[in-house]
Amino acid sequence: MSAQPSSPFDVEAVRRDFPILQQRLAGDMPLVYLDTAATSQKPRSVIAKVVECYEQYNSNVHRGIHQLGDRMTTELEEAREKVQRFIGANEVDEIVFTSGTTMSMNLVAHGWARKFLKPGDEILLNPMEHHANLVPWQLAASATGAELRYLPLTNDGRLDLSTLDELLTHRTKLVAVTAMSNVLGTINPIEILAQRAHDVGALICVDGAQSVPHAPTDVRSPNIDFLAFSGHKLYGPTGIGVLYARRELLEAMDPFLAGGHMIREVFLDSSTWADVPAKFEAGTCPFIEAVGLGAAIDYVNQIGLPNIMQQEHALSVKAHEQLAAVTGVSIYGPAVEHKGAILSFTVEGVHPHDLSDLLDRRGVAIRAGHHCTMPLHELLNLTATARASFAFYNTTAEVDALVEAVIAARKTFRLKP
Ligand code: 7TS
């Protein structure tokens with residue numbers, strides 16, 4: 001995170017890279033897309049790369065002994081190298097293509113947890129996790145007899161590290177934690193958690209779904225054992241994601257999905273496994289989506305994560321300041337300097353779904369609901385929140401549009417100014 005933004009960052013030029021942002025919605029409203037935490041928009045270069053694959057060399061990978069198959073396979077493996085460099089992995093074989101964060105977590109829960117956990121072992125979680133980083137561990141725990149422990153949260157929505165000594169012990173085998181909360185925006189102290197986990201002999205599994213697209217990631221510093229993220233949140237296609245794990249972990253793990261490509265030899269009564277990462281890539285992998293992800297990484301590198309962070313932080317600060325000044329608005333999570341560009345809020349007297357509907361009529365797209373974090377909402381004593389999430393392609397004018405739309409929604413509900 002030390003690199004300085006290169007200036008000037010031209011948001012209007014960046015926006016021209018995203019065809020979807022050019023459109024007008026019903027009522028001739030310009031699209032104000034503030035739902036990047038759910039899925040990001042795609043730059044033209046990613047869309048063009050996917051079209052190029054389909055138009056010029058679509059062919060199954062690692063199979064065809066012909067020119068198209070060779071080209072497609074080369075493109076796929078180049079994409080894997082781009083992912084490797086993007087997250088600082090030592091080896092390209094440590095990059096497993098999955099369908100997304102959810103599948104990556106399930107892969108660890110099946111391939112590692114079910115193999116290595118036993119009764120008395122513990123997995124340390126916390127209530128801010130997305131269901132994708134909770135439910136797989138619940139199933140793994142019930143299958144193995146391991147137990148789930150939960151780090152509490154502070155009142156402002158951060159991990160309460162004062163309880164670490166008590167909760168992170170020699171019984172802990174895994175700490176599974178998000179690097180950035182998809183609701184509170186909280187940026188968690190992965191470095192401290194990785195160190196403390198390793199001190200007791202536990203591994204750390206990081207949910208990078210929200211962090212990898214918005215801040216530099218280096219799996220060697222802090223030393224991360226497992227990292228999961230999704231291509232579609234990283235300006236890439238849907239259906240592609242990544243599991244990073246250190247080679248020795250991947251080699252020790254059991255396969256998750258079984259079938260073609262993941263085998264070395266198959267007999268009628270048994271099989272042996274291919275080398276990693278193929279061992280975890282059964283069947284036809286989403287190879288064109290993976291190539292699209294490679295193009296997305298090229299795009300992010302070209303814009304520069306320091307620029308992305310600076311732009312998104314500026315938008316987040318402005319949105320926090322302006323929304324906090326609106327009567328009846330409550331914002332959840334820590335102070336803005338401890339957050340990514342995610343702002344979950346409620347407006348007293350307006351249900352988040354009504355709010356989202358009213359905002360949508362002005363072209364402002366936010367998300368409402370529990371955002372796959374029911375335990376967190378339970379803790380907040382809420383059934384739903386409204387969430388605006390920003391990307392570097394958003395503008396300060398769009399923050400104004402959000403705030404004006406919230407004020408207008410209050411008027412619709414005849415709430416006092
Ligand atoms: N982890 C986090 C922190 C997430 O935000 C999400 C998706 C996932 C895991 C699951 O990712 P997937 O690509 O496998 O679905 N979060 C959201 C969200 O906040 N709104 O829609 C999806």
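**Figure 1. Domain 1 and domain 2 of the protein chain.** Domain 1 covers residues 11-30 + 304-412, and domain 2 covers residues 47-301. The model shown is predicted. Taken over C-alpha atoms, the centres of domain 1 and domain 2 are separated by 28 Å.

**Figure 2. The contact between domain 1 and domain 2.** Domain 1 contributes 33 residues to this contact, and domain 2 contributes 29 residues. The size of an interface is often given as the accessible area lost when the parts come together. Between domain 1 and domain 2, about 2400 Å² is buried. Carbon and sulfur atoms give 67% of this area. On the domain 1 side, the residues that lose the most area to domain 2 are L305, I342 and L376. Together, L305, I342 and L376 account for 23% of what the domain 1 side buries.

**Figure 3. The crossing of helix 3 and helix 9.** Helix 3 spans residues 67-87 and helix 9 spans residues 287-303. The axes of the two helices come within 8 Å and cross at roughly 45°. Helix 3 is therefore oblique to helix 9. The crossing in which helix 3 passes helix 9 is left-handed.

**Figure 4. Residues in the contact of helix 3 with helix 9.** From helix 3, the contact is made by M72, E75, L76, A79, K82, V83 and F86. From helix 9, F287, I288, A290, V291, L293, G294, I297, D298, V300 and N301 take part. The residues of this contact divide into 12 nonpolar, 2 polar and 3 charged.

Conventions:
Residues are numbered from 1 along each chain as its sequence is written. This is a predicted model: local features need pLDDT of at least 70, side-chain atom pairs count only at pLDDT 80 or more; totals for chains, interfaces and linings use all residues. Side-chain values use heavy atoms; hydrogens and water are left out. Axes are lines fitted to C-alpha atoms, for helices over the stretch in contact, and angles run from 0 to 180 degrees between N-to-C directions. Helices (H or I, at least four residues) and strands (E, at least two) are DSSP runs, numbered from the N terminus. Angles under 35 degrees count as roughly parallel, over 145 as roughly antiparallel, 65 to 115 as roughly perpendicular and the rest as oblique. A crossing is left-handed if the near helix is turned anticlockwise from the far one by less than a right angle, and right-handed if clockwise. Contact means heavy atoms within 4.5 Å. Ala, Val, Leu, Ile, Met, Phe, Trp, Tyr, Cys and Pro count as nonpolar, Asp, Glu, Lys and Arg as charged, and the others, Gly among them, as polar. Domain bounds come from an automatic or database domain assignment. Buried area is the accessible area (1.4 Å probe) that two parts lose on being put together, summed over both.
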